[in-house]
Amino acid sequence: MSLALNTKHLSSFINEEEYKAIYPQVEAAHKTLEAKNGPGSDFLGWMYLPRDYDKEEFERIKAAAAKIREDSDVLVVAGIGGSYLGARAVIEAVKGMYHNELDNGLKIYFCGNSISPTYLNDIIALCKGKRFSINVISKSGTTTETSLAFRVLRRLLEDEMGVEEANKRIYATTDRARGTLKSLADREGWQTFVIPDDVGGRYSVLTAVGLLPMAVAGIDIDAVLRGAQKAMTELANEDFTANACYRYAAIRNILLRRGKAIEIYASYEPRFTQMGEWLKQLYGESEGKDGKGLFPASVAFTTDLHSMGQFIQDGSRNLFETVIDFITPAADLTVEEDPENLDGLNFLSGMAMRQINRRAMQGTILAHTRGGVPNLVLEVPAINEEEYGYMVYFFMLACGISGYLLGVNPFDQPGVEAYKKNMFALLGKPGYEDLRQELLEKLGE
């Protein structure tokens with residue numbers, strides 16, 4: 001069974017005529033992607049990656065992962081955005097949010113995604129006195145958050161193990177031939193892995209960017225790619241009514257045109273939390289431009305029903321929910337009878353918690369749709385590597401189609417440079433002197 005799209009709760013929000021009206025646009029978006037003649041066509045390497053991936057590098061990834069697992073207690077992954085979110089999402093989904101505490105072997109931590117000194121000091125504390133390795137991920141090698149963290153951790157590694165041994169424990173995932181990090185890696189003899197030229201950061205989870213941390217964490221990366229390849233094959237179907245991915249992309253745009261400007265990804269499985277973060281980056285960075293786009297948000301139910309649930313039920317009617325429904329949980333429990341029944345829950349005795357969770361989901365969907373919030377459901381058979389590989393590809397393809405339906409380039413991110421210019425100027429980076437003075441005046445300094 002593959003990921004399925006359940007639209008039965010949309011019947012009062014979208015009619016068949018709207019589906020028929022958008023179909024030619026979906027077909028055009030599909031042809032644009034296939035022909036590679038649309039905006040951002042230089043960054044479509046992810047489309048056939050599950051089939052055409054570098055087999056030699058794939059084996060090197062597995063060999064490096066085996067070495068790290070053998071000679072290290074900790075792997076620190078230094079990266080930001082697409083350089084860490086995808087890998088962390090899959091690891092936490094398959095192995096659980098507490099895998100570091102529950103596993104007896106190697107621990108894996110992520111840094112370089114924040115400039116917080118408190119966060120970095122916590123990572124340092126987790127590494128001190130332990131055999132650790134570093135996987136630094138950056139196309140250029142000059143990304144501020146990642147480079148700062150790597151500078152600090154590299155020094156720690158050299159101080160604790162010596163330069164020669166440290167160089168054996170640094171793995172750089174970067175550009176194939178150029179850039180600061182690639183030059184440094186070549187000079188110091190670090191093992192390197194490639195971020196393909198035609199794959200953008202947020203679409204890179206199926207490259208070495210995601211696969212090396214996954215493999216180190218014990219994820220079956222063969223199964224991840226198997227699931228993605230299955231999705232690549234199945235979702236090439238041009239039949240709009242049979243292609244869940246294209247139908248999902250169409251629904252997002254139909255609802256946006258109806259004034260639903262916020263998409264909330266909702267799951268009743270806490271393991272999905274980091275996947276929600278990856279989806280926020282994927283869609284926010286891909287569609288939020290030219291004054292357009294859906295605003296992506298995520299919630300973890302039933303937890304957030306006691307906070308965000310109020311707004312979703314009764315607040316502004318400018319949103320819709322995409323519910324990710326994992327049909328079979330990774331584990332289950334059965335509620336036992338309590339002779340005293342002080343909590344009044346004996347009516348649940350003998351019931352599996354997966355049943356209770358499902359009823360909570362069904363009740364919430366009915367309540368929210370009755371309250372005027374469209375709900376669509378993406379049904380995922382199980383939480384495992386193959387299904388996650390399928391889901392990752394599904395969302396990336398839907399993002400490409402949806403971006404073209406929206407009329408934007410879903411593969412660039414011009415807006416992310418604005419804050420960097422201001423930050424560099426305020427920090428006194430050479431070449432930003434005029435801007436620095438202007439900004440200081442605005443800050444009243």
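## Exercises on a predicted model

Tyr 265 and Phe 395 are both buried. They come from a predicted model, and they get us going.

**Exercise 1.** Work out what kind of ring pair Tyr 265 and Phe 395 make, and which parts the pair ties together.

*Solution.* Start with the total: the structure holds 19 aromatic pairs. For Tyr 265 and Phe 395, the ring centres are 6.2 Å apart and the planes stand at 90°. Planes over 60 degrees apart count as edge-to-face, so this pair is edge-to-face. Next, place the residues: Tyr 265 is in strand E7 (residues 262–267), while Phe 395 is in helix H16 (residues 385–406), so the pair ties together parts 130 residues apart in sequence.

**Exercise 2.** Decide whether Arg 252 is buried or exposed, then list its contacts beyond four places in sequence.

*Solution.* First, find Arg 252 in helix H12 (residues 244–257). Its relative accessibility is 0%, and buried means under 20%, so Arg 252 is buried. Leaving out neighbours within four places in sequence, Arg 252 touches Glu 263, Tyr 265, Tyr 283, Glu 287, Leu 294, Phe 320 and Ser 402.

**Exercise 3.** Find which residues make the nonpolar surface patch of about 360 Å², and check Leu 102.

*Solution.* The patch is made by Met 97, Tyr 98 and Leu 102. Leu 102 sits in helix H5 (residues 99–102). Its relative accessible area is 67%, so Leu 102 is exposed.

Definitions and conventions:
Residues numbered from 1 in each chain as written. Predicted model: local features only at pLDDT ≥ 70, side-chain atom pairs only at ≥ 80, totals over all residues. Heavy atoms only, no water. Patch = residues over 30% accessible without salt bridge, like charges linked within 9 Å, V, L, I, M, F, W, Y side chains within 5 Å. Areas by Shrake-Rupley, 256 points an atom, 1.4 Å probe, with all protein chains shown as cover. Salt bridge = Lys/Arg side-chain N within 4 Å of Asp/Glu carboxyl O. Helix = DSSP H or I, 4+ residues; strand = E, 2+ residues; numbered from the N terminus. Buried < 20%, exposed > 50% of the residue type's maximum accessible area, 1.4 Å probe, protein only. Contact = heavy atoms within 4.5 Å. Phe/Tyr/Trp six-rings, centres within 6.5 Å; stacked < 30°, edge-to-face > 60°.
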